[in-house]
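Please read these notes with the model open beside you.

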Amino acid sequence: MQKFRKLEYDLELELELICSGSNEQGLLRGWFHARIVRASTPAIFVLHDRSWVFSCKFFIDMHDVVSLCAAKISDNPFVRQKNKLIHCILAVILSLQLPPNWLIARGYIDEILELHQTSTVEDHPKKHKFDHLVLGPAAGEGLHDRLQCQGIKALNKTHFSASVGTSNFRENVAFVTVFTTYNTSIDRPINVESRDMVTVGNISYNKVERSMAILDVFINFIQMMMPQSNIIILTDPASKLPVHRNRVTVYPIQGEYSRDKLMLQRIRSYIAFLETRLEEHFQWQGQISHYIFTDSDVAVVDDLGQIFNNYLNFHLVLTFRNNKDQPLNSGFIAVRGTPDGIRRGKVFLQEVLKVYSSKYMKASRMLGDQLALAWVVKSNPSFDAKRFTKPLAFLEEIGGASVLFLPCAIYNWTPPEGAGQFHGMPLDVKVVHFKGSRKRLMLESWNFLNSSSSDISDMLCLILKSGRTKYDF
């Protein structure tokens, strides 16, 4: 059982999470003191500190700890014990009867409310995650700038760019992703009795085939929305990827592609790729190719060439959200394809790699790159992190590079955040990111789009209404 020397100190940390304004904070601080000192029942509150330890503590008075439930997530926040944490925070809401807008709690509020309303798969260990789409309410209902759905039919249409591709015929956009497979040969016969098999539509997949199917749909969306774009797959030279598609290149880069080091290797591969582009710039002959580095579990649903046409003064693009510890999502990074843009983008990523390697190696499997990105950006003395709280594009000089910050709500929209802080799906959404246990939804969405008379907007309604659920892969 863990003891704390000063309850008042722990209380101050908690108030930073629960209170959204200084006046509310002062009133709530006094109310908490009254509760702790005078209440006959245990006082309950949540503690969050910078080492990623979340705790829910029950007190009889200011000295005796009766019970402590904690989920330590410093290495991986997506552990099973997170549900215990959510139950603890739920207990806080119900016991103290706090209005939801007072509880910021690192973006967990929507998961907490959803957990309170419906039972989750992880609450019942004997059950599997869903192997079919589960439709729920569409976030953003009634908001004029959000997609409105009746069933899976869009009542208003998303705003797509009028042109396809960049307007300058001497400029092109290439998508770059890091992809590899593990443990199983792609050519190995399928064991139909394997518990690892999943079925989407009329096709069953083993683990490796699932990954390849996601990569295939990733390519499909790009080639539908931006048919003149090239796609470059950076991979382990030992991987023999059976990818034979027009305008798709498999580009081996030596490195350490183990699961524990993949996020670290991804940055190294980006840097190595940009270095080769610089070395070959004399062969360009006036042709410029801009680069968008993305995860392979994204769907491009609009022309992204407009980024390079509408914003002319950046070297590098990052996407941001209103998340204090992880405001930047590394699943979308763009680099302007001029020699200066590539050079400055490479230097910026080298600094991120340096910070990653020195400060966040314990998070090398997941999140380390995002923490390193945030550290590099926030360490700039003139940078105002409050700009992350509003979903508006802005430009900032960071380490000699002109960095364009674009809102995740449009350029890196994800189902969990779409149901939460994004308040639905903006009508001008351009990239949907199926991170976590939403890979099935990516395949189902593509199948839906190609097997019906529905359009992109209807498909986005399907995503919006089924994205709250976690699926079997």
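1. A crossing of two helices is called left-handed if the near helix is turned anticlockwise from the far one by less than a right angle, and right-handed if clockwise. With that in hand, start at one helix pair. Helix α8 passes helix α9 in a right-handed crossing. Bear in mind throughout that this is a predicted model.

2. Two packed helices are described by the angle between their axes and the distance between the axes. Here α8 covers residues 339-359 and α9 covers residues 368-378. The angle is about 115 degrees, and the axes lie 8 Å apart. On the α8 side, the contact is made by F348, E351, V352, V355, Y356 and K359. On the α9 side, G368, D369, A372, L373, W375, V376 and V377 take part.

3. Next, the disulfide. The count is one. C149 and C461 form the link, with their sulfur atoms 2.0 Å apart. C149 sits in strand β4 (residues 149-150) and C461 in helix α13 (residues 456-466), so the bond ties together parts that are 312 residues apart in sequence. The link is left-handed, at -90 degrees about the S-S bond. Are these two cysteines buried or exposed? Both C149 and C461 are buried. C408 also counts as buried, at 1% relative accessibility.

4. Now the interior. In soluble globular proteins, nonpolar side chains tend to be buried together. The largest nonpolar core of this model has 68 residues. Which of them touch the most other members? They are L304, I307, M459, L460 and I463. Helix α5 (residues 207-225) gives this core its largest share, eleven residues. A second, separate core holds 44 residues, including V178, L353, V355 and F405.

5. Neighbours within four places in sequence aside, L304 is in contact with F175, M226, I292, F332, Y411, K430 and V431.

6. V176 belongs to strand β6 (residues 171-178). V176 has a relative accessible area of 0%; the cut-off for buried is under 20%, so V176 is buried. Residues up to four places away in sequence aside, V176 touches I232, L234, F273, Y291, I292, F293 and T294. V176 and F332 are 156 residues apart in sequence, yet their C-alpha atoms are 9.9 Å apart in space.

7. Last, a check on helix α6 (residues 262-279). At 1.5 Å a residue, its 18 residues should span 26 Å. Its end C-alpha atoms are 25 Å apart, which agrees. Helix α6 is mostly covered, with 14 of its 18 residues buried.

Methods
Residues are numbered from 1 along each chain as its sequence is written. This is a predicted model: local features need pLDDT of at least 70, side-chain atom pairs count only at pLDDT 80 or more; totals for chains, interfaces and linings use all residues. Side-chain values use heavy atoms; hydrogens and water are left out. A disulfide is a pair of cysteine sulfur atoms within 2.5 Å. Helices (H or I, at least four residues) and strands (E, at least two) are DSSP runs, numbered from the N terminus. Buried means under 20% relative accessible area, exposed over 50%, partly exposed in between (1.4 Å probe, protein chains only). The expected span of a helix is 1.5 Å times one less than its number of residues. A nonpolar core is a set of buried Ala, Val, Leu, Ile, Met, Phe, Trp, Tyr and Cys residues joined through side-chain atoms within 4.5 Å. Contact means heavy atoms within 4.5 Å. Axes are lines fitted to C-alpha atoms, for helices over the stretch in contact, and angles run from 0 to 180 degrees between N-to-C directions.
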